[in-house]
Amino acid sequence: MSEIIGHLGIEKVTHASCVLSDRADRVSARHAKRKKMTALETPVLTLDTLLRRIAADLRLPDPLRALAEQRYSSVAAWLLAEGSPLATARPNIYPQGSLRIGTTVRPRGCNEFDLDLVLELQVPLVDNTNPLKLLDAVARRLRDHDTYRPMVERKNRCIRINYSGEFHLDILPGVPNPGGPPGAIYVPDCQARAWKDSNPKGYAAWFDDRTITEEQHKLMLAGLEPLPAATSVAETPPLTRAVQLIKRWRDVAYDGQPDLAPISIVLTTLSGLYYGRETSESAAIANIVERTRNALPMTGRLVVVNPTNPLEDLSERWADPKVYSAFVKGLNDLQTRWAHLASAQGLENVVSALEELFGEDVVRRALRDEVGHIENERSHRALGIGVGGHLITNPTPHRPVPKNTFYGDAP
Amino acid sequence: MATLREIQLPQAAPLHKQLLAMERHHPGFSATWYCDEVVWTGLIQPTERAHTYKVRVTYRLGRSPVVDVLEPELKPREPGKPIPHLYKGGHLCLFLPFGFEWDASKLVADTIVPWATLWLHHYEVWRVTGEWLGGGQHPRVGDGCTQ
């Protein structure tokens, strides 16, 4: 039997059942490979690919992010160093807000990124701990350093360090709240006269949890590990990109009216609340906008509370009817524009709708990047035609568009 | 050294083979066929958000296939300024002439239709950006593909 099997080219085995299982393994390996190959087939120049490129363009670039980490680590080291009056408070600096959850958006014009950080000081909160005093102490220590002195700027409740040409680090001091949930701290309120509850780590954990897509959710239900936290641009979850795009829309729509613009924490929270695990960014935004509109009460105003602290009204600025009505108007306008974008046909019309939402420069760059990517795939014989007749990458079976050169006169 | 006997001109694929391939890979196209000429008409939408174009491919056995866009009408960016990579008669310039990229042994379904799809994609990009980003060559005078 083994000799016959040898003639057939099958590996030498001791009995027939091994041959069968061997073959079954090979067949299932082929199916798995084919399935994997099919999964890679991707239509190009879709609305979502353009939206992803726009979001990537707006994000804090990785080298700047790494530099920011270096910078705030150095600040923490200075605050902790021998001779520092704050050393005993074991100062620790960690990112919060958009820097922590990955929803950074480049400000319009030549402004630098605003990066938010918490400076946690292990100081028990007693009656005579004055937020202003703490802020002063931190500012004083920073100004003791020749490098930081010209860069330090006192704000209402935080300290800004200006790294000219790079970014601003906005450092908010906080003290632990041992009675609260993990990550709970007290931070200065708006006027820095009193302390208020906060939990940036808790908020970030809530948001991370909200980014889970339908696919990942299914994996988790099946008992499999979800993907690790997104690090590269390509791995950014759809919700994170949706928040970036909504923030950019806000920057464009309320250009010149900063007092009326809805604040980032509110937009981020609404997005997290109303995101429905969509994989498509355009669908995610459409649903977030619609659900937010449905949540607007008939009388009074919408209240957006901190999901990690229901006593905190993140939308307190909306107590001013002028500000609230500017938000409602903007929201309705966004819904109309998004519906228009969803139905736009013809690249010109899609690009025009995107430019009105996000600004011409960033949209044009996204288009060029996508077209460049398609040409690159074409030159590597990795471009094909899909079932619907659209251009796709990694065609399966492998039937790439053959090499051709467009001919004819220059326009 | 190659002799005349060794140089083999590529065998033209018979029309029925061309028809079968188009039927298989681009079933949305309808064909009318008479003697040694076939005319295919169909819709091409290069990408999900592009316009859908009605396209006609005319192929006479052994000759270069000719592609026309029937609708919507191809539009220049400015009146009087030509659209890139179009023959004088309005046919699409999809490949280098003289058999360098296309010959009668090649299947229209594998070459002409995908190339027309690519052309329409780049046409839309050109309409937006003013640049033809699909590469290409410009003929010397007399090569036949002039505006």
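In the predicted model, strand 3 (residues 53-60) of chain B is joined to strand 4 of chain B by 5 bridges, and the two run antiparallel. Within this pairing, B:K54 has B:E71 of strand 4 of chain B as its bridge partner. Strands of a sheet pair through hydrogen bonds of the backbone, in either a parallel or an antiparallel manner.

The sheet of chain B is open and consists of 4 strands in the order 1-2-3-4, with antiparallel pairing. Its edges are formed by strand 1 (30-34) and strand 4 (66-71) of chain B, each of which pairs on one side only. From one strand to the next, the twist averages 20 degrees. Helix 1 (residues 15-25) of chain B packs on this sheet and touches strand 1, strand 2 (37-44) and strand 3 of chain B. The direction of helix 1 of chain B makes about 10 degrees with that of strand 2 of chain B. Helix 2 (residues 112-129) of chain B lies across strand 2, strand 3 and strand 4 of chain B, and runs at about 140 degrees to strand 3 of chain B.

In chain A, strand 3 (residues 113-120) is mostly covered, with 6 of its 8 residues buried. Strand 3 of chain A pairs with strand 2 (residues 92-95) of chain A in the antiparallel sense, over 4 bridges. In this pairing, A:N92 has A:E120 of strand 3 of chain A as its bridge partner. Strand 3 of chain A is also joined to strand 6 (residues 167-176) of chain A, by 8 bridges, and these two strands run parallel. Here A:L115 stands opposite A:L169 of strand 6 of chain A.

How values were computed: Residues numbered from 1 in each chain as written. Chains lettered and ligands numbered in written order. Predicted model: local features only at pLDDT ≥ 70, side-chain atom pairs only at ≥ 80, totals over all residues. Heavy atoms only, no water. Pairing = 2+ DSSP bridges. Axes fitted to C-alpha atoms, helices over the stretch in contact; angles between N-to-C directions. Contact = heavy atoms within 4.5 Å. Buried < 20%, exposed > 50% of the residue type's maximum accessible area, 1.4 Å probe, protein only.
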